[in-house]
Amino acid sequence: MVECLFLLVEIITVIICIHNLYTKDKIFSIYTLIFICIEVIYFNLANRNIMPTGTVPAVYFLFVLYTLVEFRDSLVNSIYNCLLALFLISIFQMVFYFPAIFVYHIFLNEDAMMLFINIWTCIAVIFTGKLKIYRILHNIGRHNGKMAGACILVTIGILVYYIYKIKTYKHLPLDVYLTCLLSLIIITISIYRWQHADYENDLKNKQLESFHKYNESYQSLVELVRKNQHDFDNHLLALTSINSDTSSHNELAERQAEYKEKIMEKNKYNRILYKINDPMLAGYLFHKLMELERQKIKIIYDANIISTNIEYISIYDLIEIIGILLDNAREALEKEDFDKVIKLFVNESKEKLEVAILNISKHYSNEEIINFFKKGYSTKGENRGIGLSKIKEHQKKYKFDIMVENCVEKDMNWLKFSIMINRA
């Protein structure tokens, strides 16, 4: 009876671990129940010598069939994730093996010891289900064939040897334990180094893509400013014509003011080139403000960056921070029936860099403002708070200050996000 129970717990644990790798919360289905029944029946037949005991390790690969049916994944990915689940469970079982020895000395029953190991392994798999390591390991097999193949071969070798020893000797010999422990260390280091290298490679590719994108935007800004400067003589001629065609002083003032507004609107992005010395940041702001303008959002901005090469914060991180705050303001305006206006201020002094972004908004309490930076929280819908939580990660990295407050201007409430980064 105890033997059937620990086998049942082990099978359920493997299934839960597979679901963790696929990040699926719903575990039990008709396929799951059928599979569990088949596995339990087969293990019992093998233990009663009705079926050859030598075929028991092969039964573990029935999990592949379950994965194919349940998740409709490819054969290679199914094999990889099943072997990976068995390997992870083997690690947990090794961890709980030594505490289980005390259970054996109390009950003098190996089945009771195995039940103790499998119950605690199941609990560990359940409580670690939300950890990122499952998704990382799952993605290795999906996005990196060579690494997945290497992991599969190593895992197969360990599992075959491990399962054979367990099924043959009914305990975990020291040589198996040491072999598994050494393999675990090697695989863990390999996975970490691969993941780190992959992250660095993705980051460099994204930065290179951003560089080319915003460099083109910067060149477009330069061409626009040159064109506007070329039209300067035409504007002077137009103002002269207004003077000659106007009969009264009031009419002249009105027409000049109207023409001035047109000129300022046409040249509103010139300040980005003149007042931001960092080409990457200038290119980004020009690109982003033009994008918001195409979405019928009015932009009021002021910028002054004296550094030609910002070194106290990664320019890519600074761009990400500004982008998150602008996107957050844009989404807030989409949700509410307010005037679509965003204010942006980016100013650098000798001591610090200040970034402030404001949008018309309802009044938020201090409790609501605190919740803004919790991952997944948002008043604008599910998972919209991920961006602001990313800013908190940058805050830990660069130690800058964040302030969120309600500001009232002309009886209108504005929600203001501001950050202050010390240059020291």
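Q: What kind of model is it, and what cut-offs apply?
A: It is a predicted model: local features need pLDDT of at least 70, side-chain atom pairs count only at pLDDT 80 or more, and totals for chains, interfaces and linings use all residues. Residues are numbered from 1 along each chain as its sequence is written, and side-chain values use heavy atoms, with hydrogens and water left out.

Q: What is the mean pLDDT of the chain?
A: The mean is 75, and 67% of the residues reach 70 or more. pLDDT is the predictor's confidence in each residue, from 0 to 100.

Q: Where is the pLDDT below 50?
A: Over residues 380-385. Beyond near neighbours in sequence, that stretch has 15 contacts in the model. Contact means heavy atoms within 4.5 Å. Where pLDDT is low, the predicted coordinates should not be read in detail.

Q: On to packing. How many residues are in the largest nonpolar core?
A: It has 54. Ile272, Leu281, Leu318, Ile322 and Phe372 have the most contacts inside it. Helix H14 gives the most to this core, with 10 residues. A second, separate core of 41 residues includes Ile27, Ile36, Leu86 and Phe96.

Q: What counts as a core, and as a helix?
A: A nonpolar core is a set of buried Ala, Val, Leu, Ile, Met, Phe, Trp, Tyr and Cys residues joined through side-chain atoms within 4.5 Å. Buried means under 20% relative accessible area, exposed over 50%, partly exposed in between (1.4 Å probe, protein chains only). Helices are DSSP runs (H or I, at least four residues), numbered from the N terminus.

Q: What does Leu281 touch, skipping neighbours within four places in sequence?
A: Ile276, Ile305, Ile310, Ile315, Leu318, Ile319 and Ile322.

Q: And Ala282, buried or exposed?
A: Buried, at a relative accessible area of 0%. Ala282 sits in helix H13, residues 279-294. Leaving out neighbours within four places, Ala282 contacts Tyr218, Leu221, Ile272 and Ile276. Ala282 and Ile272 are 10 residues apart in sequence, with 5.9 Å between their C-alpha atoms.

Q: What about Lys288, buried or exposed?
A: Lys288 counts as buried, because its relative accessibility is 8%, under the 20% limit. Lys288 is found in helix H13. Beyond four places in sequence, Lys288 is in contact with Leu326 and Asp327.

Q: Which helix holds Asp317?
A: Helix H14, residues 315-335. Asp317 is buried, with a relative accessible area of 11%. Outside four places in sequence, Asp317 contacts His394, Lys397 and Tyr398.

Q: Surface now. Which residues make the nonpolar patch?
A: Ile30, Tyr31, Ile34, Ile38, Leu62, Leu65 and Val69 make a patch of about 600 Å². Patches are made of residues with over 30% relative accessible area and no salt bridge; like charges are joined within 9 Å, nonpolar side chains (Val, Leu, Ile, Met, Phe, Trp, Tyr) within 5 Å. A salt bridge is a side-chain nitrogen of Lys or Arg within 4 Å of a carboxyl oxygen of Asp or Glu. Areas come from the Shrake-Rupley method with a 1.4 Å probe; for residues, only the protein chains shown count as cover.

Q: Which helix gives the most to that patch?
A: H2, with four residues. Helix H2 (30-47) and helix H4 (62-71) each supply at least two.

Q: And Ile30, buried or exposed?
A: Exposed, with a relative accessible area of 54%. Ile30 is in helix H2.
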